[in-house]
Structures are given as structure tokens and as C-alpha cells.
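Here are a few notes to read alongside the structure. Take the points one at a time and find each spot as you go.

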Amino acid sequence: MRHVKTLIGLVLTAVMLFPVYWMINVSFTRDTAMRKSPPDLFPLHGTLDGYRAVLDQQLPYLGTSLVVGLGTVTLTLLLAAPAAYSLAKLRPRGGGALSFVLLIAQMIPGIIMAMGFYAIFLSTGVLNTVPGLIVADSTLAVPFAVLILTTFMSGIPEELLQAARVDGAGVLRAFVSIVLPVSRNSIITVSLFAFLWAWSDFIFASTLDQGGDHQPITLGIYHYIGNNNQEWNAIMATAVFASVPATILLVIAQRYVAAGVTAGAVKD
């Protein structure tokens with residue numbers, strides 16, 4: 001029975017990973033063989049033209065996505081970590097209502113938020129700018145980050161904070177010296193999700209940065225697609241390049257993510 005379950009698991013894994021394999025396969029396929037029927041399962045007569053196009057044209061887009069992703073992570077942590085600490089340990093008046101609002105905020109469709117941001121950014125002069133895109137992407141990450149961090153910080157023993165107060169530490173000192181180091185797993189978790197959301201964002205990018213000088217990789221891929229021209233090997237090669245940072249981050253941070261997501265679910 002165990003072997004049957006293992007076989008089923010392998011088959012399901014292969015089915016789920018097949019789109020990834022096909023993306024890599026197409027990235028090496030020549031344009032002349034793109035519409036071949038049946039298609040080649042292996043790029044026997046492959047080409048590196050798609051990857052050359054990435055190196056020639058897409059590196060600025062990748063650089064912009066990296067800046068936007070790191071900026072989103074930074075802004076998210078600067079806003080979410082103190083807010084979560086306040087909700088978890090300082091228990092301000094109206095904290096429950098604020099948590100409910102943050103939960104509701106995650107249910108708002110992205111296109112609705114993009115339209116609202118467009119009007120605001122247009123009037124404030126930050127439309128088609130990288131800082132504007134960072135602010136917009138952070139609105140997706142901050143509510144999630146506050147909820148995750150609040151759940152974790154609620155489980156931090158009060159004895160730790162009381163010991164810090166006895167040693168003369170104030171609220172800010174206790175937050176920096178005690179709460180943040182103990183919350184490492186959850187901080188890594190929200191940082192990873194914030195980066196991935198910003199890295200893969202298309203709605204905000206296409207709405208708020210369509211005419212900017214510095215555009216993210218999602219728009220770089222989109223520019224390859226025209227009415228009469230689809231450079232599929234270049235599109236897929238760019239997608240492969242764009243997948244590498246996310247894959248590396250997931251592999252490195254997976255154990256922290258597992259610990260951060262489940263933190264606070266069980267109380268001792």
C-alpha cells in the first residue's frame with residue numbers, strides 16, 4: 001500500500017511540475033518548430049536565442065523587479081512588525097477591530113486597488129515610478145504580515161518582556177532586542193511572501209508603471225507579446241530567468257517558512 005501511495009504521489013508531482021518542464025523545453029525550441037504537431041517533448045535541435053534575448057533586453061527589467069521586491073520587503077517589515085507588536089503585546093484600544101479590517105483588506109480585488117492608486121499617484125506625481133510601485137505592492141503584503149506576526153508575537157512569553165523591563169528596557173528596546181530576534185522565523189516568512197508578491201505582480205505594474213523608465217520583469221515578458229508576433233522561446237527563457245530567484249529563496253527559506261506559518265497555532 002505504501003508503494004502505491006508513493007507512486008500516486010510521484011505521478012501527481014510529475015503532473016504539477018510538467019508546466020515547468022514545458023516552459024524550459026519551449027525556451028530552447030526554435031521559432032520554426034514552435035507550431036510543430038505533435039510538438040517535440042525534447043528540444044533535440046534547440047537554440048539559445050531566447051536566452052540571448054534575455055541577456056540583451058531583459059536584465060534592466062530583472063534589476064527593477066529586484067529593487068521593487070527588496071523595497072517592498074523593507075517597507076512591509078517597517079510597517080508590519082511594530083503594528084504586530086502593538087496588537088500582540090500592547091493591546092491598544094480597537095485592536096480587534098483593526099485586525100478585522102486587515103483581514104477584510106486582503107479580500108479587496110487587486111484591480112480595484114490599482115484603479116484607486118492610479119488616481120492618487122496621478123495627482124501626487126508618483127505614477128510610473130519605482131517608489132510608487134513599492135508602495136502599491138506593500139499594500140498586499142502588509143495586512144498578511146501583520147496577521148502572521150501578531151499570531152507569532154502573541155505566543156512570546158510575557159516573562160521575557162518583564163525581565164527586559166526589570167533590566168530597564170523600554171517598549172522600543174524590548175521590541176528591538178527581544179521580540180524581533182525571537183520572531184526570526186515569522187519575519188523570514190512574511191519577507192519571502194512580500195518579495196514573491198512584488199516579484200510576480202502584473203496588475204499594479206501594468207496599471208501604475210506602464211509608461212515608466214524602469215519597469216519590472218512581468219512587463220518585460222508582456223512586451224514580447226504582440227498582435228502578430230509572439231516570441232515564445234524568448235518569453236519562456238525570460239520566465240525561466242524570473243523563476244530562479246524565487247526558487248532559490250524558497251529552497252533556502254523553506255524551513256523558516258514552515259516554522260513561521262505554524263507559529264502560534266499550538267500553545268504550550
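1. Keep in mind throughout that the model is predicted.

2. Where does Asn 128 lie? Look in the loop between α4 (110-124) and α5 (130-154). The backbone deserves a glance here too: phi of Asn 128 is near 65°, a positive value in a residue other than glycine. For background, most residues other than glycine have a negative phi.

3. Arg 91 is another residue to check for its backbone. Its phi is positive, about 50°, although Arg 91 is not a glycine. You'll find Arg 91 in the loop between α2 and α3 (95-105). Is Arg 91 buried or exposed? Its relative accessibility is 57%, so Arg 91 counts as exposed, the cut-off being over 50%.

4. Now step into helix α2, which is where Thr 76 sits. Thr 76 has a relative accessible area of 1% and is therefore buried. Which residues does Thr 76 touch? Leaving out residues up to four places away in sequence, the list is Ala 81, Ser 138, Ala 141, Val 142, Ala 145 and Ala 194.

5. Next, how helix α2 meets helix α7. A word of background first: two packed helices are described by the angle between their axes and the distance between the axes. Helix α2 (residues 49-90) and helix α7 (residues 171-182) pack at about 100°, and their axes are 12 Å apart. An angle from 65 to 115 degrees counts as roughly perpendicular, so that is how α2 and α7 are placed relative to each other.

6. Who makes that contact? On the α2 side there are Ala 81, Pro 82, Tyr 85 and Leu 90, while α7 brings Val 171, Ala 174, Phe 175, Val 179 and Leu 180. Sorted by class, the contact of α2 with α7 has nine nonpolar residues, no polar ones and no charged ones.

7. Last, helix α1 (residues 2-27). With 26 residues at 1.5 Å each, α1 should span 38 Å; the end C-alpha atoms are 37 Å apart, so the two agree. There is a bend to look for, though: a kink of about 40° lies at Leu 17, shortly before the proline Pro 19. Further along α1, the buried residues include Met 23, Asn 25, Val 26 and Ser 27.

Definitions and conventions: Residues are numbered from 1 along each chain as its sequence is written. This is a predicted model: local features need pLDDT of at least 70, side-chain atom pairs count only at pLDDT 80 or more; totals for chains, interfaces and linings use all residues. Side-chain values use heavy atoms; hydrogens and water are left out. Axes are lines fitted to C-alpha atoms, for helices over the stretch in contact, and angles run from 0 to 180 degrees between N-to-C directions. Helices (H or I, at least four residues) and strands (E, at least two) are DSSP runs, numbered from the N terminus. Angles under 35 degrees count as roughly parallel, over 145 as roughly antiparallel, 65 to 115 as roughly perpendicular and the rest as oblique. Contact means heavy atoms within 4.5 Å. Ala, Val, Leu, Ile, Met, Phe, Trp, Tyr, Cys and Pro count as nonpolar, Asp, Glu, Lys and Arg as charged, and the others, Gly among them, as polar. The expected span of a helix is 1.5 Å times one less than its number of residues. The bend at a residue is the angle between axes fitted to the seven residues ending there and the seven starting there. Buried means under 20% relative accessible area, exposed over 50%, partly exposed in between (1.4 Å probe, protein chains only).
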